[in-house]
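Good morning, and thank you for making time for this item.

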Amino acid sequence: MSSTLPILHVYEHCPFCVKARMIFGLHGIKFEKRIFLHDDDAGPSAMVGKKVVPILEENGHFIPESLDIVAHVERQNTPLLTGPTRKEIEDWLSRISAPAYRLFLPRAAAAPLPELATTSARLGFIRKKERPDHPFSSLLEQSNDDLKIVNTLLEELAALIQKPTAVNGTLSYNDLHLFAQLRNLSLIKGVFYPLEVEAYRHSLSEKAKIPLLEAISA
Ligand SMILES: N[C@@H](CCC(=O)N[C@@H](CS)C(=O)NCC(=O)O)C(=O)O
């Protein structure tokens with residue numbers, strides 16, 4: 001019998017995919033998670049005309065764009081992301097983005113991720129993401145400096161978290177963006193989580209049914 005569950009096509013390391021997965025998990029809606037190999041250009045292109053994830057496949061229709069997927073699920077159910085967003089959270093996310101990405105990228109490239117399960121997928125990922133002026137080796141050499149920045153920012157975040165279940169007290173779009181970033185950080189060893197952040201990331205992981213990446217952290 002063929003499955004009638006919605007299908008989310010994702011990469012495991014992709015923060016945009018985490019946002020799409022979160023909205024299903026938070027609503028308690030079952031879906032099938034399918035992971036493209038990173039060098040499979042044809043699969044996503046056949047669905048939405050370009051190589052991109054996440055893609056929601058539902059009743060023969062394909063929706064790309066994480067926030068369009070989120071809006072679609074919210075429209076079809078009693079909305080959950082009803083809380084206000086806060087500029088402090090958006091500012092915090094933009095400040096952590098560069099150091100977090102420098103730490104994340106070389107570790108993701110070496111991690112046992114399903115989208116990198118073949119040699120050609122992994123090599124393709126490295127070729128696409130590694131910049132000649134910033135080779136992964138130099139990003140790794142910079143890790144201690146970046147860890148200091150990230151750990152200081154996490155101290156600041158602790159003071160901004162209003163409840164472990166929602167950064168602003170009630171679930172909002174801020175929680176999607178924040179948890180997606182924190183989940184990526186969980187791939188990095190040496191990140192220190194103040195109590196408030198630790199409680200928040202575990203609570204969201206559980207509520208959204210998206211495991212952190214600690215088991216494969218480096
Ligand atoms: N605006 C899109 C961005 C999605 C995006 O950039 N996805 C990345 C993966 S994290 C992607 O598919 N990049 C193509 C690639 O890695 O080849 C969204 O929010 O869904």
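The domain assignment of the protein chain gives domain 1 as residues 7–76 and domain 2 as residues 87–216; such bounds come from an automatic or database domain assignment. Before I go further, please note that this is a predicted model, in which local features need pLDDT of at least 70 and side-chain atom pairs count only at pLDDT 80 or more, while totals for chains, interfaces and linings use all residues. Residues are numbered from 1 along each chain as its sequence is written, and side-chain values use heavy atoms, with hydrogens and water left out.

How do the two domains sit relative to each other? The C-alpha centres of domain 1 and domain 2 are 20 Å apart. Across the boundary, 20 residues of domain 1 are in contact with 27 residues of domain 2, contact meaning heavy atoms within 4.5 Å.

There is also a record to compare. An unreviewed UniProt entry carries the annotation "domain: GST N-terminal" over residues 4–81; UniProt positions are given in the numbering used here, feature names are shortened, and annotations may be inferred rather than shown by experiment. In the model, the span 4–81 is 40% helix and 21% strand, and its end C-alpha atoms lie 26 Å apart. Helices (H or I, at least four residues) and strands (E, at least two) are DSSP runs, numbered from the N terminus.

Let me turn to the strands. Two strands pair if DSSP finds at least two bridges between them. Strand β1, residues 7–10, runs parallel to strand β2, residues 32–35, and four bridges join them. Within this pairing, His9 stands opposite Arg34 in β2. From β1 the chain passes through helix α1, residues 15–27, to reach β2, and this β-α-β crossover is right-handed. The term applies if, with the strands pointing away from the viewer, the path from the first strand over the helix to the second runs clockwise.

Strand β1 also pairs with β3, in the antiparallel sense and over three bridges. Here Ile7 stands opposite Glu57 in β3. Strand β3 in turn is joined to strand β4, residues 61–64, by four bridges, and these two run antiparallel. In that pairing Ile55 stands opposite Pro64 in β4.

Are the residues of β3 buried or exposed? Buried means under 20% relative accessible area, exposed over 50%, and partly exposed in between, with a 1.4 Å probe and protein chains only. In a regular strand the side chains alternate between the two faces of the sheet. Strand β3 spans residues 55–58 and is covered on both faces: Ile55 and Glu57 on one side, and Leu56 and Glu58 on the other, are all buried.

Most residues other than glycine have a negative phi, and most peptide bonds are trans. A cis peptide bond, with omega about 5 degrees, joins Val53 and Pro54. Pro54 is placed in the loop between α2 (42–48) and β3.

Asn59, which is not a glycine, has a positive phi of about 50 degrees. The hairpin of β3 and β4, where Asn59 is found, has two residues between the strands. Asn59 counts as exposed because its relative accessibility is 72%. Glu65, likewise not a glycine, has a positive phi of about 75 degrees. Glu65 belongs to the loop between β4 and α3 (66–76), and at 49% relative accessibility it counts as partly exposed.

Now the cysteines. Cys14 is buried, since its relative accessibility is 6%, and Cys17 is buried at 0%. A search of the whole structure finds zero disulfides, a disulfide being a pair of cysteine sulfur atoms within 2.5 Å.

Gln181 is in helix α8, residues 173–185, and is buried at 16% relative accessible area. Leaving aside neighbours within four places in sequence, Gln181 is in contact with Leu93, Ile96, Ser97 and Ala100. Pro211 is in the segment after α9 (195–208) and is exposed, with a relative accessible area of 52%. Not counting residues up to four places away in sequence, Pro211 touches Arg21, Arg183 and Ser205. The C-alpha atoms of Pro211 and Leu182 are separated by 11 Å, although the two residues are 29 residues apart along the chain.
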